[in-house]
Amino acid sequence: MAQRSLLLLLPFLFLAPPFTLHSLSNNNSQPPKKPLLRQIRSALAPFTLPWYEQGLHFSCTSCGKCCKVDGDVWLAPEETVRIARYLGYDAGEFRREYVRAEVVPDGGSEWPKEALSWLCLKRREGACVFLDAVGKCSIYDVRPIQCETYPFWPSIVATRGDWEDEAVVPEEGVLREGTSDRYWTAELGGCEGILLDGGQHVKGMDGEVPIVYREEIVAKMKAAKKHWKRFPVEDIKQSTWYL
């Protein structure tokens, strides 16, 4: 019965009330009460559903374009260790071969600063240094969280509009007149593996595009957000690197 009552209230939650309730108490020491609408929304927050509740149509086309976008890939300390070990490099060799920038934390830790550093990967011929000659990720099994969670970054799945903006038409596709269809560019990026309602089929997919369900979307979104929040330089996070 409780859930049914809550559902009956849903149509009224997004209607702006014509008035705001105020406390009539003469005791000025008490904080004002929340408006009724805000109280209802707070109570129902655990029961509200995200716009992607039914999942999202997505299938990676292995085009490699996400590895060619103008932008940075930052490795957390544990990612550096994992990738270097996978390639058979020690820390110094890995830095010389693959790293173009480093964020070294301030003191206050028993660990060497290098062991806590965030590293920015080099780019080679307009692409990630780990993109091989045939357009595949050479470290796919140990790829960074930033890459593993794309395109389910918080900034992309925040709204349906953001998700639709990330979708691009494959090179062999045709842009539909009167729509916001676009092709991928290194400056704006985009994902050919996102299929929108009424859009074109993803390259190489003859039937229906697989659905990525809410649980996986939320898990990847949270992983990306946690990774981004750990990065120690706020200026970089707000200007050239956000997930």
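Modeller: What covers the buried residues of α4 includes β2, α3 (77-87), β3 and β4, where contact means heavy atoms within 4.5 Å, and helices (H or I, at least four residues) and strands (E, at least two) are DSSP runs numbered from the N terminus. This is a predicted model, in which local features need pLDDT of at least 70 and side-chain atom pairs count only at pLDDT 80 or more, while totals for chains, interfaces and linings use all residues. Residues are numbered from 1 along each chain as its sequence is written, and side-chain values use heavy atoms, with hydrogens and water left out.

Colleague: Which residues of α4 are buried, and why are they said to line one face of the helix?

Modeller: They are F94, R95 and Y98. Seen down the axis of α4, these buried residues fall within an arc of 100 degrees, so they line one face of the helix; the arc is that of the directions from the helix axis to the C-beta atoms.

Colleague: Why is Y183 called partly exposed?

Modeller: Its relative accessible area is 34%, and buried means under 20%, exposed over 50% and partly exposed in between (1.4 Å probe, protein chains only), so Y183 is partly exposed.

Colleague: What makes β2 pair with β4?

Modeller: Two strands pair if DSSP finds at least two bridges between them, and 2 bridges join β2 to β4 (residues 118-121), so the two strands pair, running antiparallel. In β4, L119 is the bridge partner of L75.
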